[in-house]
Amino acid sequence: MKHMDHIVIIGNGISGVTLARHIRKNSENEITIVSAETEYFFSRTALMYVYMGHMKFEHTQPYESWFWKKNSINLKKGYVKEIDTSNKQLIFSNNELLSYDKLVLATGSKPAKFGWPGQDLEGVMGMYHKQDLENLEKHAPNNKVCKRAVIVGGGLIGIELAEMLHSRNIAVTFLVRESSFWNGVLPTAESEMINRHIINNHIDLRLNTNLKEIKSDENGCVKSVIIEETGEEITCNVVGLTTGVAPNIAFLKNSNIETNKGILVNRFLETTIKDVYAIGDCAEQRAAIGNRRPIEAVWYTGRMMGETLAQTICGNRIEYKPGHWFNSAKFFDIEYQTYGWVFGEKGRPTYEKHFHWSHPDDTKCITIAYDKDSSLFLGINTFGIRMRHEIFDKWLTEKRDVNYVIEFLADANFDPEFYSLYEKEITTKFNQENGTSITSRKKSWKRIFTKA
Amino acid sequence: MKILKQAGFVIFLIGLSIFTGTLFTGTFNLTSSELASFVTEKGYKNELILDELTKAVVTTEELTIFEFSNRVRKAYKTSNDHYDALIASFDADKNWDKKGEQYQYKIYGKPHTLSFELAKIAGKGPTKEHAGILWLLTFGLGIIGALLFILPNFVLLGKAGIKNNGIYLEASTNRGFIAWLVLVYLVSFYLVLYFMPDYVVNWTYILDPISKTLNGGLASQWFVYGFLYCIIMLVMASRMYIKYRHNKYQIIRTTSVLFFQIVFAFLIPEIMTSLNMPGYDFKNAFPLDYDFFFDWNLDSLRNSGGIGIFILVWGIVLTLIIVPVMVYFFGKRWYCSWVCGCGGLAETLGDPYRQHSDKSLNSWKLERWLIHFVLLFSLVMTLVTLYTYFTGTDSFLGINSQWIKDTYSFLIGAWFAGVIGTGFYPIFGNRVWCRFGCPLAAYLGFVQRFKSRFRITTNGGQCISCGNCSTYCEQGIDVRAYAQKGENIVRSSCVGCGICSAVCPRGVLKLENGPENGRINPTDILLGNDVDLMELINNK
């Protein structure tokens, strides 16, 4: 019988927990998950719904507490301050030791800060950890205590924080450095639609606006912020810093594990030290995979790395090979999904051409990216219309061209039954712009269930 | 808008208070001729009950309904006690002929029902005399108040979309004191309605004019319940229409349950009654309609000519053919959340409480034991009933027919479906009956699980495990457990309300009917990862 290893995973987020589950499926190895944040795994992306009152914190925990014992996954709450790779042991902040045979770093991210004056005042917070949620509940329980909040940073967490505060009728000023919301990722028309949607939700959206400093009152609490460009002072009680996240690796300073922005790993998710691996937000690929960034702070990629590394740890050494890119988000009431690659203005390859359709109600649109020479379908962004992941994954694998995608778009629709369908309008617009005469086909179950 | 909402709340409370207050109004007594004709009509063969009732309620005293009820029930008891004593003494004497004779003098039925029937004649007072005005002050104010409370949500909730804001921050929807107050009111309502109908006789006066118009007769407590049921569903449906105005599935589904409740469960039976037919709810399928095969119903249908036979055949065809075939094509949702009356109330009045269903594995285990037990119970009861009906015996397999019918009606029909099923909405969620008790749901569930085109499709790898779907599943299904594994949801208990799909922030869930092949799709590695790895693991 194979020797049983003690696998220690630092971090109980989606990467670490997926890894643990898959190791357990494939082996009898001893597994310990270490976390300083919470006792049990919870869905970080759902923290917003706790503040908004949609759910209680316990609802964000995907597994009942008996799950861990039943699957003999040890949970340890504690903060690892140092890793001694030569003796294969962890040193906790209370100087407790824990030895491992294989160590997996899945410590995720922490909110990035850029050295603004006042960034550590009471009432300044990110929105990432459970502790941030508790902090927000303390400083912004209602609009009496928090008369206005200022959010700095126009990304996904920023707009979620805006929605959270808005749900409690707290006035929000949203400072976005770019000329339009998230336009480093979204094409212009989409980004502008979201701008309008933000404003329609009574958020004071300030584009092209940077934070200069955060001012303190006599108790060390936030009093106001100063705008870089105009010098305007905005009185507020809470400042949300949502200018991105960075790998949470400070505790590795004194270790011999090689790091850059994140923990450097090869395609097998192995670090420079034997038997030490890194997955999820904290891992940095030495060379980017396809169009992906070397550090991907995305739920799905964290999960995929966990799925993959479990194989390696259980003796089936396998490369991390993410499939076609996909992602999703929700901007207030507008759902967003993306499959394949659709670039914003920045960094868009010259061969990438876009077809854009938008609904007059200004809450639905799609953008299809394709190769202007070969017509190869590259990717799609959809807003307010749900699409079937399997279909787009298949079309990307089959290297379909844009005409095919337009023709069979109905197969991909994933909206609830009885929803209005827009394939006809989309096709008409595409035909007008491209001089084609494509007829939109009706949805076919047969095609939907034919595997690539 | 907020002021409008608050005003609506106050008006609703006033209406509710008057409604409740009417129960304590009116005076009750009978003249000897009224009583005599009642007793004749009832065909009581004993003199004692007439004497006892005369002593009790033929009076010029102005009795309250509670005093009246007390006296009637005492008279009932005195009379029956007398004959029971005779029976016992003849029994001791082994005088079987005499003993057998006494039974005809006993009065059967529930004391409160006798009291209700007498009170219906005996009542005097403002509620009875000014039914129209009282209707306006109770139902009228209640409806206006509730609508004023609900309609401003169109603006207050903000733009169309999922707005579950504050559900877990408010006492009414987070099992706070308001929820408990609502529970106490609902439970009391059901207890009185089922077991002490005479106490709500005043409510029937308010609806007598409407009842007369619809079916030609005076309102019973069941007419009050049916009417109230429709009104509550109508008003709370307006809340659904506002809350889910962006979601056509919810709009159409809500309209469907409303239609079937008002037309099929309420209007058609009333109109049938007015035409001297047996009032029948054509959508109420056995075994939810547990007394369909009771002897009194079979007799009534057999004596109603062509329509009776049609109903008998329809009832059997509905359960044996229509229900399972429809479940095959559309899932059990076609019944449970599109047609059923219990489902209709759960999806309207109960919607604010849907998040309270227990999602734990243990509650799932309890669910399977309980609901299948009730199904078995209803089938055994029906078997015994039918056997005794056709053979003329009292019992079958050692089970007394009357006993098992009474036990089922009391435990399952009244307590489980009513008192617990609806009364506990604010604490245990809106589908307690449908999930743990309904024998029809159990039957539909078998079909849905093993032979159906229905499933909730999980959208590849898009799930972020947020838990909105599980939280808002009224049937306590841990939807996320499937979604985060990329597995379709094919559970016997799913009623297809579609809320999991509605609240999903990432477009992961879709209710759909499609080919059976591929309906269940176990996966370990989710879509989006390495194709080789997915194949290696998922096809292992």
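This is a predicted model: local features need pLDDT of at least 70, side-chain atom pairs count only at pLDDT 80 or more; totals for chains, interfaces and linings use all residues.
Biologist: What makes the reach of helix 18 of chain B close to the one expected?

Modeller: Helix 18 covers residues 361-391 of chain B, 31 residues, and reaches 45 Å from its first C-alpha to its last. The expected span is 1.5 Å times one less than the number of residues, and for helix 18 of chain B this expectation is 45 Å, so the reach is close to it.

Biologist: Why are residues such as I371(B) and L375(B) in helix 18 of chain B called buried?

Modeller: They are called buried because 20 or more other C-beta atoms lie within 10 Å of their own.

Biologist: Which elements do the buried residues of helix 18 of chain B pack against?

Modeller: The partners include helix 14 (295-302), helix 19 (401-420) and helix 22 (439-450) of chain B, and also strand 3 (395-396) and strand 4 (399-400) of chain B.

Biologist: Turning to chain A, why are strand 21 and strand 23 called edge strands?

Modeller: The open sheet has five strands in the order 21-22-25-24-23, with antiparallel pairing. Strand 21 (326-331) and strand 23 (352-358) of chain A each pair on one side only, and that is what makes them the edge strands.

Biologist: How do you know that strand 21 and strand 22 of chain A pair?

Modeller: Pairing asks for at least two bridges, and six bridges join strand 21 to strand 22 (residues 334-340) of chain A, so the two strands count as paired. They run antiparallel, and N327(A) stands opposite T338(A) in strand 22 of chain A.

Biologist: Which helices pack on this sheet of chain A?

Modeller: Helix 6 (residues 188-200) of chain A packs on the sheet, and its direction makes about 165° with that of strand 24 (365-371) of chain A. Helix 8 (residues 389-397) of chain A packs on the sheet as well, touching strand 21, strand 22 and strand 25 of chain A.

Biologist: How many residues of chain A are in contact with chain B?

Modeller: Two residues are in contact if their C-beta atoms lie within 7 Å, and by that rule 45 residues of chain A are in contact with 47 residues of chain B. The largest share of the side of chain A that touches chain B, seven residues, comes from helix 7 of chain A.

Technical notes
Residues are numbered from 1 along each chain as its sequence is written. Chains are lettered from A and ligands numbered from 1 in the order in which they are written. Helices (H or I, at least four residues) and strands (E, at least two) are DSSP runs, numbered from the N terminus. Axes are lines fitted to C-alpha atoms, for helices over the stretch in contact, and angles run from 0 to 180 degrees between N-to-C directions. A residue is buried if 20 or more other C-beta atoms lie within 10 Å of its own, exposed if 12 or fewer, and partly exposed in between; C-beta atoms are placed from the backbone.
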